[in-house]
Amino acid sequence: MGRLIMGIETSCDETAAAVVADGVAILSSVVSSQVDVHRKFGGVVPEVASRKHLELINQVIAAALAEAGLVFNDLHAVAVTYGPGLAGALLVGVSAAKALAYGLNIPLIGVNHIEGHIYANFLVEPGLSFPLLCLVVSGGHTDLVYMAGHGCYQLLGRTRDDAAGEAYDKVARIMGMGYPGGPALDRLAGEGDAGSVLLPRAYLEEGSFDFSFSGLKSAVINFLRRSGQAGETVNKADLAAGFQQAVVDVLVDKTLAAAGAMGVSTVLLAGGVAANSRLRAELAARAEKEGYRLVCPPASLCTDNAAMIACAAYYKYLRGPFAPLTLNAVPDLKLGEERYEGDFRRKIFTG
Ligand code: KG4
Ligand code: ZN
């Protein structure tokens, strides 16, 4: 059955565990969402998230094993997201993974959450050849990443303020939709006319691959305020469509410009906002027109899950090194960075 890696993911508000064979065959993928718990607060409450992870983690791990038809002793390695994310939330997954690695005497692999999102593409297509360009759009990140090989990341651009998913969630909230607003706004936008409410697009300096979405969010607030003062009723579907188009235009333009600048022929899409219907459709159409290949995971692998963590871990398993049992949560972990606090091997080798 190949190398069996269990992935564990608790960086935000989903408690997830999965078993993946050889980085490609998903034997199980269990995601327990806390969305209903956080909805009444209008967003994720960190302390509540970590408490919920603690309640759920053992059941989710047991369910992932059972769904895969395996027992603990069948596992070859255990992988866990150790950053970036909420400290208290990450700690639950990291502690569970360390206990499993220690108890089963198998390697522990620390995975960066963003790396996991990117590797959801390798679950879909393990034979992808480098170099690659990936647009990562999630609730916390909007990154354009160039990959020269497995584990080799160059950050070409990032958001200077709100992440794309954050902008979706905030605008949805302003428009009176529930949490998380991204999927609801996506649906509503599908019923609207994107041309009837024109909103600004922030391209920033010439040649920049950075993003900015806070001005767009302010423009939506101002539009609603002006309409209210003028006593006009707002067509919410048109406003949602106008907002979505402004986000998608910038994401698509900058992604394809970066692909051209870096000379890559294959473009990847990753992160929760990669589930957005308009972004998927428009990036696919423009990529085809301009001669790029677009790879995009199914929506269920775009939002947070542990199969993507087990997949990223497989390639780290092949190249090593493994994480020490002193692995800690690193809330501000950067892509391509390994931060093993209290790394006992480093102490041994450096004296
Ligand atoms: O990657 P993810 O599951 O968690 C983070 O790592 O942040 O991304 C969650 C984000 C949320 O902001 C959510 O509103 C957004 O992805 N999202 C969407 C859609 N589905 C999820 N945004 C727009 N359209 C969607 N269909
Ligand atoms: Zn995520």
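This is a predicted model: local features need pLDDT of at least 70, side-chain atom pairs count only at pLDDT 80 or more; totals for chains, interfaces and linings use all residues.

Visitor: Which residue does Glu 125 form a salt bridge with?
Guide: Arg 293. The closest N and O atoms are 2.5 Å apart.

Visitor: Where do Glu 125 and Arg 293 lie in the chain?
Guide: Glu 125 is in the loop between helix H4 (113-124) and E6. Arg 293 is in strand E10. They are 168 residues apart, and the pair links distant parts of the chain.

Visitor: And the accessibility of Arg 293?
Guide: 39%, which counts as partly exposed.

Visitor: Switching to the sheet. What is the strand order?
Guide: E8-E7-E6-E9-E10. The sheet is open, has five strands and shows mixed pairing.

Visitor: Which are the edge strands?
Guide: E8 (152-158) and E10 (293-295), each pairing on one side only. From one strand to the next, the twist averages 25 degrees.

Visitor: What packs on the sheet?
Guide: Helix H9, residues 277-289. H9 touches E6 (132-137), E9 (266-270) and E10. The direction of H9 makes about 155 degrees with that of E10.

Visitor: Back to E7 and E8. Parallel or antiparallel?
Guide: Antiparallel. Six bridges join E8 to E7, which covers residues 142-149. In one of them, Asp 143 has Arg 158 of E8 as its bridge partner.

Visitor: Salt bridges again. How many does the structure hold?
Guide: There are 16. Among them is Arg 39 with Asp 36, with the closest N and O atoms 2.7 Å apart.

Visitor: How are Arg 39 and Asp 36 placed in H1?
Guide: They sit three residues apart in helix H1 (residues 35-39), so about one helical turn separates them. Arg 39 is partly exposed at 40% relative accessible area. Asp 36 counts as exposed, at 57%.

Visitor: What about Arg 339 and Asp 332?
Guide: Their side chains meet in a salt bridge, 3.1 Å from N to O. Arg 339 is partly exposed at 26% relative accessibility. Asp 332 is partly exposed too, with 42%.

Visitor: Last one. Which residues are linked in a network?
Guide: Asp 162, Glu 166, Lys 170 and Lys 217, through salt bridges.

Note on methods. Residues are numbered from 1 along each chain as its sequence is written. Chains are lettered from A and ligands numbered from 1 in the order in which they are written. Side-chain values use heavy atoms; hydrogens and water are left out. Two strands pair if DSSP finds at least two bridges between them. Helices (H or I, at least four residues) and strands (E, at least two) are DSSP runs, numbered from the N terminus. Axes are lines fitted to C-alpha atoms, for helices over the stretch in contact, and angles run from 0 to 180 degrees between N-to-C directions. Contact means heavy atoms within 4.5 Å. A salt bridge is a side-chain nitrogen of Lys or Arg within 4 Å of a carboxyl oxygen of Asp or Glu. Buried means under 20% relative accessible area, exposed over 50%, partly exposed in between (1.4 Å probe, protein chains only).
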